[in-house]
Amino acid sequence: MPFTRTTLATLLLATPVMADDASNHSPYAGEQAREIASLSANDLAELAEGEGWGLARAAELNGVPGPAHLLELADEIGLDAGQRTAIEAIRDEMRADAIAAGERFVAAERALDAAFTEAVPDAVTLERLVRDAGIARAELRLVHLSAHLRTTPLLTAEQIKRYGVLRGYADDPCEAVPEGHDPEIWRRHNGCG
C-alpha cells in the first residue's frame, strides 16, 4: 500500500522523537538558577521563619514531642494553661534561636556556593567551607532537638501518648513499638506504664 502524505504525516507525528531524550537529565535539572544551589526557595523561607525543616525527626519520631506541634494540638491533647504558657515560651525561644542559627547556616551555604560560582576552590578552602556549613547545620539541628527535650517533661504520659496518636505515629504507642527501636526506651519516651 503506498503512503500518502496524510499517512506519512500521521506516522511522523506518532513516532517519539529520540533526539531530545530527557532520561539523561539530572534530577537537579532546572535548579541551576537557585539563589543557593543546595537550598530551594522553600528551604530558605522555612529557615528564615525558624521552622523545623525536618531537623527534629530523631525526637519527633521517637516519642519526644516538640513545642510547635504540641501547641497546634493543645486542645486535643488537653494542655492546661500553665503547660501552654511554658511550651509557648520554649517555642518562642526555639524560633528566635532557630532564625539566628538558620541565618548562619544559610550564610555558610552561600559561601560554599560562591566558592564554586567564582572559581573552583582549592582543597583547604573547600574543607573549611564544608566544615563551616556542617557546624552551622548541626547548631541549627541542636536548637530544634533541645526544644523537644525541654518540652517533654512538661507533659503527662497520657498527653505524650495522645500526641503520638494524633500525629499518626501509632494507634497506641505502648503497644506498637516500631521495628529497630529499643522497646524499653520507646515505652519510657511514650509514657507507657
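**Salt bridges in the predicted model**

Arg-131 and Glu-127 are both located in helix H7 (residues 123–151), where 4 residues, about one turn of the helix, separate them. In this predicted model, the two side chains form a salt bridge in which the closest N and O atoms are 2.7 Å apart. Arg-131 is exposed, because its relative accessibility of 53% is over the 50% cut-off. Glu-127, with a relative accessible area of 43%, is partly exposed.

A search of the whole structure returned 10 salt bridges. Among them is the pair formed by Arg-110 and Glu-35, with a distance of 2.3 Å between the closest N and O atoms. This pair links distant parts of the chain, 75 residues apart: Arg-110 belongs to helix H6 (residues 81–118), and Glu-35 to the loop between helix H1 (5–14) and helix H2 (41–48). Arg-110 has a relative accessible area of 37% and is partly exposed, whereas Glu-35 is exposed at 54%.

A salt bridge also joins the side chains of Arg-167 and Glu-60, at an N to O distance of 2.9 Å. Arg-167 is in the loop between helix H8 (157–166) and helix H9 (183–189), and Glu-60 is in helix H3 (residues 57–60), so the contact ties together parts that lie 107 residues apart in sequence. The relative accessible area of Arg-167 is 30%, which places this residue in the partly exposed class. Glu-60 counts as buried, because its relative accessibility of 7% is under the 20% cut-off.

Note on methods. Residues are numbered from 1 along each chain as its sequence is written. This is a predicted model: local features need pLDDT of at least 70, side-chain atom pairs count only at pLDDT 80 or more; totals for chains, interfaces and linings use all residues. Side-chain values use heavy atoms; hydrogens and water are left out. A salt bridge is a side-chain nitrogen of Lys or Arg within 4 Å of a carboxyl oxygen of Asp or Glu. Helices (H or I, at least four residues) and strands (E, at least two) are DSSP runs, numbered from the N terminus. Buried means under 20% relative accessible area, exposed over 50%, partly exposed in between (1.4 Å probe, protein chains only).
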